[in-house]
Amino acid sequence: MTSNQIVKLLPYQHPFLFVDELTAVSSEGVTGNYTFKKNAYFYKGHFKNNPITPGVIITECMAQIGLVCLGIFLLKDELLEGNPQVALTSSQVDFFIPVLPGEKVTVISEKEVFRFHKLKCNVKLLNEKGELVCRGKISGMIGNR
């Protein structure tokens, strides 16, 4: 399964798709990136005169790349004909520095455990300078509709 096939199977669309490309995919992890558009809807109110990317959006980006893309790859034989169904079950993320409008980020995810369609990953997000923006654990259930 190619990176493009994985992205096409994602159950998200604009303006809630936070995956531009996957640069590495294996059964042990995934690396991908996304550039936060300067005119994204959430910057209008977060924060007034000082826009930064909301933590919940950063967490969503990490989950889409680090959990869902990896889950689709791990379940590739089951999902090729269907649409993946995703349920985030838990996330614990520590934030260190903000992500500004227009910044490109890289998500690096490593599989911790995968069984019975439940995937748990250690995930980190870096900015373009290679600085650690945040890291944590994200878990979810991935299946077929």
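This is a short tour of the model, one selection at a time.

Before you start, note that this is a predicted model, in which local features need pLDDT of at least 70, side-chain atom pairs count only at pLDDT 80 or more, and totals for chains, interfaces and linings use all residues. Residues are numbered from 1 along each chain as its sequence is written, and side-chain values use heavy atoms, with hydrogens and water left out.

**Stop 1: the core**

Select Phe-36, Cys-61, Met-62 and Leu-125: these have the most contacts inside the largest nonpolar core, which has 37 residues. A nonpolar core here is a set of buried Ala, Val, Leu, Ile, Met, Phe, Trp, Tyr and Cys residues joined through side-chain atoms within 4.5 Å. Buried means under 20% relative accessible area, exposed over 50%, and partly exposed in between, with a 1.4 Å probe and protein chains only. Helices (H or I, at least four residues) and strands (E, at least two) are DSSP runs, numbered from the N terminus. Which element gives the most to this core? That is H2, with 12 residues.

Next, centre on Leu-125. Setting aside residues up to four places away in sequence, Leu-125 touches Ile-58, Met-62, Val-99, Val-105, Thr-106, Val-107, Glu-131, Leu-132, Val-133 and Cys-134; contact means heavy atoms within 4.5 Å.

**Stop 2: Leu-67 in H2**

Move to Leu-67, which lies in helix H2. Leu-67 counts as buried because its relative accessible area is 1%. Beyond its neighbours within four places in sequence, Leu-67 is in contact with residues including Met-62, Leu-88, Leu-119 and Cys-121.

**Stop 3: aromatic rings**

Show the rings of Phe-16, Phe-18, Tyr-34, Phe-36, Tyr-41, Phe-42 and Tyr-43, which ring pairs link into a cluster. Rings of Phe, Tyr and Trp (its six-membered ring) pair if their centres lie within 6.5 Å; planes under 30 degrees apart count as stacked, over 60 as edge-to-face and the rest as tilted. The whole structure holds eight aromatic pairs. One of them is the tilted pair of Phe-18 and Phe-36, 6.2 Å centre to centre with 35 degrees between the planes. This pair links distant parts of the chain, with Phe-18 in the loop between H1 and E1 and Phe-36 in the loop between E2 and H2. Phe-36 also pairs edge-to-face with Tyr-34, at 4.9 Å centre to centre and 85 degrees between the planes. Both Tyr-34 and Phe-36 are buried.

Then select Lys-76, whose charged end sits over the ring of Phe-73, 3.8 Å from its centre. The test is that NZ of Lys or CZ of Arg is within 6 Å of the ring centre and within 35 degrees of the ring normal.

**Stop 4**

Most residues other than glycine have a negative phi, and most peptide bonds are trans. Look at His-14 and Pro-15, where the peptide bond is cis with omega near 10 degrees. Another cis bond joins His-46 and Phe-47, with omega about 0 degrees; Phe-47 lies in the loop between E2 and H2.

Finally, visit Asn-49, a non-glycine residue with a positive phi of about 65 degrees, in the loop between E2 and H2. Is Asn-49 buried or exposed? Asn-49 counts as exposed, at 77% relative accessibility.
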